[in-house]
Amino acid sequence: MIGQRFIRRGLIFYSLVALAAGLAAYSVRRPETAQLFWLLGTLPVLLALGVSIARDLAAGRMGVDAVAFIGMGAAVLLGANLAAIVVAVMYAGGNALEDFAVTRAERNLKDLLDRAPRLAHRLVGDRLDDVSVDAIGTGDRLLVRAGEIVPADGTLLATKATLDESALTGEPIPVERKAGEPVRSGAVNAGEAFEMQATASAADSTYAGIVKMVTAAQTAKAPFIRMADRYALLLLPATLALAAIAWFISDDPMRALAVLVASTPCPLILAAPVAFIAGVSRAARHGILVKGGAPLEALGRVHTAMFDKTGTLTAGGARLSAIETAPGEDADEVLRLAAGLEQASHHVIASAIVAAARNRGLSLDFPANVREEAGSGLEGMLAGQRVRAGSAELIFGGRSLPDWATRALRRASWRSALCVFVARNGQVIGALLFADELRREAPRAIQTLRASGVRRMVMVTGDRADAAETIAAALDLDTVLAERSPADKVDAVATERKAHATVMVGDGINDAPALAAADVGIAMGARGATASSEAADVVILVDRLDRVAEAVQIARRTVAIARESIVAGMALSGLAMIAALLGWLAPVPAAISQEAIDVLVILNALRALGAGRKRPPLASVGLSPEFFGADHRALEKSLDRLREIADALDDATGRSAATLIAEANRIVQQSVVRHERADESELYPKLSTFPEHVSAMSAMSRAHREILHLARLLARLAESLSSGDADRYLIRDAQRVIENLESLVRLHNAQEEDVYESLASA
């Protein structure tokens, strides 16, 4: 590729010098010398073009270059050397313009390659060795200094690290990672030096996978290039026919030559590849790696989208969804004791329990004398207390379960959740429910895909039907295919492909065959380079499902621009050919007009680098993307506590119930109501300046009124308790209001975040 570009630049320089030398000779009345300079300037371009056409013919193709070759050759044979050199300059210049456009479009991809780390600092005991990244092995302890690039995937050993992951995800804001969390190669250390333990070699890490896929993307050929060759089969005979007609009606071979020169198909040659490389480059800037123009073109025409469930539509890991407590026990204490004990476990749920406790800011004691029973739970000492955590069978043995524990198991079953019971000094005090939750951005991603023209949404998963149908109902998917093996997934994809162009989205190794079987396979590759990433045509480098919808939008816009550029270029060339046929354009002006068309076509194709019509930035109304969701995250703890209070009211009576209801009212008034009023008075007026979201803001305001109405009802219930203890009817009413408030606020926050995210991403 570099050698070809060097030759192309040499040819344009040589032909320009020859053209200038000939014009200089002509100006001093040396026409023979001028003709010689122009002929000598044309022949190398004509020779290079002939070699290119010969290669195409040997491969069984007739390319668009043939028309340019005929035009240049005819000019030389007719002695119109000035027209020949102008065509040569135009053709060589078109190639040079293509090189410039491709270089401009590839810059974002090339940056990924250029910044790949070369050295790593490996810790061996107390010694620090500088080694090649190729020498990194699984389990190596590495030091990453400030400003350095993480050389391999691994786990953070330090207390925390600040990482700039923009090269991987497109997100400009640095992220905080805590001890035990994964770090990915290619991220930049934006804080203090930290230690990490490699979980993969450099060759098997995220960044190496990106480099491999970028290389594939740069060398892939777009289908539109082949389409341009097919158009040449129509353009070539049409051009020759028009040239023959021009010669026949004028009896002037120069008019025929003008038609040939005007038809030089540079727009056809340049438009599609420039647009597709620009589209691939733009996708890369947003953390979407498209492996060339072919997948991008296919993605632009998809009708059906198929999704794996776990890790694709859901978060892909166990997360704390609820804490059930025995009467009189505190939810935070249940979680604190379980997390302290689980620090000594390697079970997959242990890290989720510890992470949930740290997210709540709980202080953890380290356990002693820990004994683990594989697959069922563990036991140990924490600050002088014997703590056990595990399954109902381990904790209760053969004893009958109390009502609250039966309720916890029932709720776990409804939510397809895992239930971990916790006992302290032989007394069972609570249970932790863990489930794989729907991605927060999933509803918006599905909605955006439908708005982008994807008509059918299908979930295909190996999970149970009840769990799959729950997720599908929340997302309003068209079809659910549950309990499918990898082979079944391939069959399902093949069935959908027979009807319409199909995209498959997945993240696991078991999804790789289905990804390869689809028209376009999209891998959620943020967790590293896996078999699914290798099998996929598109890799989402940031762990966000809405980037799938963004990839479809980029693809559709790129395809539209490529078609538009081809049609516009051919139409303008057609007008120039007709003008030449009528004698309005001589060969030299015809060549110059074609050069202008080339420039216009390339500039239009480069529009695929941009996003089209842009909304005003959030900063224009005094907001920043970091703001969105921050307040909602602060509300999570209050909403969690409201859920716990509603559950506790099942067993509460009298004064204890009154205390719980009063606490719920205090939380609602001080946290929820204050937040909703601030949104209504400060935030919504700013967002109303974005016209496309005015109706959404109206709906959000309606939800605010309902939330405030429920808050007033709860306040009245709480006030009525001052005259005496709560009876069972009042407790039931308060419980319903609290549950409705908690559910409505969560739903309302999710809807607001959909609006916020669409604005922030724009």
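## Close-up views of helix α21 and its neighbours

**View 1. α16 crosses α21 in a left-handed sense.** A crossing counts as left-handed if the near helix is turned anticlockwise from the far one by less than a right angle, and as right-handed if clockwise. The contact (heavy atoms within 4.5 Å) involves R444, A445, T448 and L449 of α16 together with D546, V548, A549, V552 and Q553 of α21. This is a predicted model, in which local features need pLDDT of at least 70 and side-chain atom pairs count only at pLDDT 80 or more, while totals for chains, interfaces and linings use all residues. Residues are numbered from 1 along each chain as its sequence is written, and side-chain values use heavy atoms, with hydrogens and water left out.

**View 2. Helix α16 (residues 442–451) packs with helix α21 (residues 546–581) at an angle of about 15°.** Their axes lie 8 Å apart. The two helices are therefore roughly parallel (angles under 35 degrees) to each other.

**View 3. Buried residues of α16 are A442, R444, A445, I446 and L449.** Buried means under 20% relative accessible area, with a 1.4 Å probe and protein chains only.

**View 4. Helix α8 (residues 253–262) packs with α21 at an angle of about 175°.** The axes of α8 and α21 are 8 Å apart. That angle makes α8 roughly antiparallel (over 145 degrees) to α21. On the α8 side R255, A258, V259 and A262 take part, and they meet S573, A576, M577, A580 and L581 in α21.

Note on methods. Axes fitted to C-alpha atoms, helices over the stretch in contact; angles between N-to-C directions. Helix = DSSP H or I, 4+ residues; strand = E, 2+ residues; numbered from the N terminus. Parallel < 35°, antiparallel > 145°, perpendicular 65-115°, else oblique. Buried < 20%, exposed > 50% of the residue type's maximum accessible area, 1.4 Å probe, protein only.
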